[in-house]
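Here is a new structure to get to know. Let's walk through it with a few questions and answers.

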Amino acid sequence: MTEPVLSIRNLTVEIPTRHGLFKPVKNVSYDIHPGEIRGVVGESGAGKSMTGNAVIGLLDDPARVASGEIWLKGRRIDNLSPEEQRAIRGREISMIFQDPLTSLNPLFTIGEQLVETIQLHLKVSATEARERALALLDRVSIPDPKTRFDQYPHQFSGGMRQRVVIALALCSEPSVIVADEPTTALDVSIQAQVLDLIKELASETQVGVILVTHDMGVIADTTEQVTVMYSGEVVENGPTDKVLSAPEHEYTKSLISAVPRPQVKLHRFPQVSYGGRETTFKIEDLARNWHKPELSKSGKLVEVKGITKKFLEKSAILPSRRTYFTAVDDVSFDIKDGEVFGLVGESGSGKSTVARMIGTLLPVDGGQIHFDGEDVTAMSAEDMANYRKQIQMIFQDPFSSLNPRMKVESIVAEPLIHHKLLPPDQISGRVHELLDRVGLTRAAANKYPHEFSGGQRQRISIARALATQPRFLICDEPTSALDVSIQAQILNILKDLQEHLGLTMLFISHDLPVVRQMCDRVGVMKQGQLIEVQDTETLFANPKQDYTAQLLDLMPRLAQLSS
Amino acid sequence: MLPFILKRVFQSILVLVITGAIAFSMFTFVGDPIDNMLGQERTLEDVERLRARLGLDQPVPVQYFKFLNEAAHGNFGVSYRQGREVSEIIMERAPATLELAALSAIFAVVMGIALGVFTAIRRDGFAAHFIMSVSLIGVSLPTFLIGILLIYLFSVELGWLPSFGRGEVVKIGSWTTGFLTESGLKALVLPAITLGLYQMTLIMRLVRSEMLEVLRQDYIRFARARGLSDRVINFRHALKNTMVPVITVIGLQLGAIIAFAIITETVFQWPGLGLLFINAIQFVDIPVMAAYLMMISVMFVVINLLVDILYAFIDPRLRVSAK
C-alpha cells in the first residue's frame, strides 16, 4: 500500500465554555491515501465537520486543537503558524462546502474568483491563469466555459455552482480535498452527477478526498473507506463494504438500520436506538381529545383540477413583451380520505408550488382546487377562513419557519387564538397537551426556538400544525434538513398521526426511499407537469415513464442492506 | 437596466411635482404677498391691478402650472426683502454651502468606512471598543452643541481656527472658493467636522454591522479555504458586499448634509444657503423659501437616482432582472 497523503493521529479539539472544556472531537485517527475517497459519517454534532475544519486549519474561535497530530505528506501541519497554514490552504488542501448557493461571492464573476485563486497559488500571468481557469471549467463539465467565465454565480443552477466550487478547489492541484456534505443541498440526479465527478477526479488526479456526509447511500455509492463517528469519537473504521455489510459497533448497526429502504415497505421507520436516542410516546396520548375528522362527501377530500401557475420571468412595460415561466402546468390529481399522497420530482419541478397553491399561499392562475366538494379558488372570505383551519402546512426548514422572537407556547397557541377555537383559559392546557403528543416536555413551552435542535423544532412545527385539529396536512420536505436518526423520529410521528387520527396528507419529498415508506400513492412531477400517478408499490416495482425509472435508478443504494 | 432607470426617473419627477406643490402653496397660504408689497396707503384699485399683473387672479391650477414652468427655467421671482432675483441670490450663496457639504461628505464617507471596517475586523480589540464608545457621543450630541464645543476648544481656548465666516475667498467666474487661501481652508475645518460628525458615526456603525454580517457568510469561509490572505478577503470580498446596502444610506445622508447645513451655518455664521433660508424665514421672504425648498428636493432626488444606478453597477443580480 502507498504512503498516506494525510494522516490524522489522536486528534482532539476542544472548545472552552462556561461549563468547562467541551471536546467535540476526541482522539480521532484516520489516514487518506492518494486517489482514495474516505467517507466520514455520523449524525450532526458527531464532530465530522470539526475534524475536517481542523485539517484545513479553519477552526472557528474559540475551538482549538488540544492534542494529536496532523501529517501532510510527511510534514506535521497542525502546529504551523497561521501564515504557514494559510499557505497550505487552497494549495495543498482544498475544501468544498455544503451549500453551493452561498459559497461563491455573488458580486464577482466566477472567472474573477478562479483567476484570483490560481494566481495566488501558482504565480502565473493573467493570461495563463485565464487559460487554466477555462480548462478547469471544462474539466468539471461546464458547457461553454468561455461564456460562463464572465458570468456571475446567480446565473448558474445549484449543481453548476457546485461544479464551479469543485473547479475552485482544484485550482492548484491539491493533494487532499475536504468535501463537507457536498451534495446534501442537491437533487438526486444532480447529486449523482457531482459524486461521479468527484470519483473521476480522485482516480484521475490521485487527490485524496475526505467526504463528510450523513447520507449512508452516498457513502455506499462513492467511498472506499469509511469512518463512523459518534459524539466526537471514531466508533468504527474500515473498508466501506465491510463496515456496511458487517458492522461491528452497535451505533453503526443502528445507524444503518435507520436508513429508509427503497426496496421494502416497513410498517415503521427503524430509529437509531444507540445512546438512548429513541423517543417514544403513547398512541393513546395522541388520540385523546381528538375528534376523528369527518369523512368527505365524495370520498375524495382534495381534488386538484388542472391547476396552473405562471411566474413573471422578464418584466416589461408592454404586456406583450413580458415573458412568463410556467412553474405548474395543468396538474390534476385527487387525494382520498385518510390517504398519504406523495409528490416527487427534482427541484424546480413545481412540487412546492402545487403545495403552496393548495395551502392558498399562492393564487392559482388557472384550474380549480376542490376541498370536500367546495371550490377553494372561488371561496368567500368566511369559507376561506374555515378552509384554512382545516388544512395546515409543515415546512422544510425548521430554522426559518418558527418566529425566533416568540416563545414556543405562543407559537403553538397562535392558530388556536387566531381561529378562536378555545376560550383563553384553556389554551395553555391544550398547548401542553400538543407538546406532549409530539414528544416534547412541558418545560419546552417557555423556551425560544433557538434553544432546540432541528428535530425538536420540526416537532414544534408539527404541534403547531395539529393545534387546529386539521383534516388535511401538507408536508413540504419535512425531513430534508434533518439527520437520518432524527428523520426517523419525525416520520414515525407523522405516520402515527396519519394512522391513528385518520389525517389525510400531501407529502412532498425528493427522497424516494422516504416516499416509499410514507405514501399510499405517488405522483411524479417533471418540469411543472404531473407525468405519472401510481400506487406506491406499483410505481417502485414497474414505473411506466422512462423519467420515473431514471429517478429510481439514481437513488444511492445500500445494496448490502437489501436483505 | 433601461426600464429600471426609466422607472426611477418617472418616480423622481413625481416627487418633484409634489414638493413643487408644497413650495407653491406657501405663496397662497402663508399670508397674502400683496399685503407685503403694497404699503398702508393703498387703494382697492392698486390691489386689483397688482393682483392682475402678478397673475394672482387666475385659477390656482393655472398659477401652479406657471410656477412650475418658471421654476423649471430657474426663475423663482424676486426676493421680497432684497428686491433682487432669487436665482441670483442663490447662485451667490450656493458655493459656500456646496464646498462645506462636499468636504464634510468626504470626511463622513472616508472616515466612516475606514473606522467601520477597522472596528469590524478588530472587533474585540481595545481600540475598536474605544471608537465604538466615543461614536455614541457623536450620535447623541446635537449638532449645535458639537459646533459650540469645537469653537470653545479650538477658537477660544487654543486659538488655532476661526470661529465664524468663510475667511478670504477667491473668485473664479461666478463661483467663489475658500479652498485656495489659507484662511479659507482654516475656516472650513470646524464647520465641516461639525456637519459631518453625525453622518460619519452613522456610516461607521452601519459599515461595521454590515461587515460583521458579511464576514459570517459562507463565501468568506470558502475564500479562506481557498487560501486567500486576510487582506484580500477583508478589502476585496467582504468590503464590496458590505457596500451594497451602505450605499443607499450614504446617498440619503449626503442629501441630509446639504439640507441640514442650516444649523451648522447658523452656529458658524457661514454665508451659505442655510443661513439665507433662516433669514428668509425671519422676514417671510417666500420666494427665497420656495426656491430653497425646490432646490433641496431636486438635490435629494438626483442623488437618490444616482445611488439607484450605482447600486445596479455594484450588484450584478440587479442588472439582469430589473424587477
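This is a predicted model: local features need pLDDT of at least 70, side-chain atom pairs count only at pLDDT 80 or more; totals for chains, interfaces and linings use all residues.

Q: How far apart are the end C-alpha atoms of residues 100-118 of chain B?
A: Over residues 100-118 of chain B, the chain is 100% helix and 0% strand. Helices (H or I, at least four residues) and strands (E, at least two) are DSSP runs, numbered from the N terminus. The end C-alpha atoms of this span are apart by 27 Å.

Residues are numbered from 1 along each chain as its sequence is written, while chains are lettered from A and ligands numbered from 1 in the order in which they are written.

Q: Which UniProt annotation covers residues 100-118 and 130-154 of chain B?
A: Residues 130-154 of chain B are 92% helix and 0% strand, with end C-alpha atoms 23 Å apart. The unreviewed UniProt entry puts one label on both spans, and also on 12-30, 246-270 and 290-314 of chain B. Positions are given in the numbering used here, feature names are shortened, and annotations may be inferred rather than shown by experiment. The label in the record is "transmembrane region".

Q: Which element of chain A gives the most residues to the side that touches chain B?
A: The contact takes 26 residues from chain A and 22 residues from chain B, with two residues in contact if their C-beta atoms, placed from the backbone, lie within 7 Å. Helix H2 (82-88), strand E6 (93-96) and helix H3 (110-122) of chain A give two or more residues each to chain A's side. The one that gives the most, with three residues, is H3(A).

Q: What radius of gyration does chain A have?
A: Taken over C-alpha atoms, this radius has a globule rule: 2.2 Å times the number of residues to the power 0.38. With 563 residues, a compact globule would come out near 24 Å, and chain A agrees with that, so the value to remember is 25 Å.

Q: In E2(A), which residue is the bridge partner of A:Ile8?
A: Strand E1 (residues 6-17) of chain A and strand E2 (residues 20-32) of chain A pair in the antiparallel sense over eight bridges; strands pair if DSSP finds at least two bridges between them. E1(A) and E2(A) form a hairpin with two residues between them. Across from A:Ile8, the partner in E2(A) is A:Tyr30.
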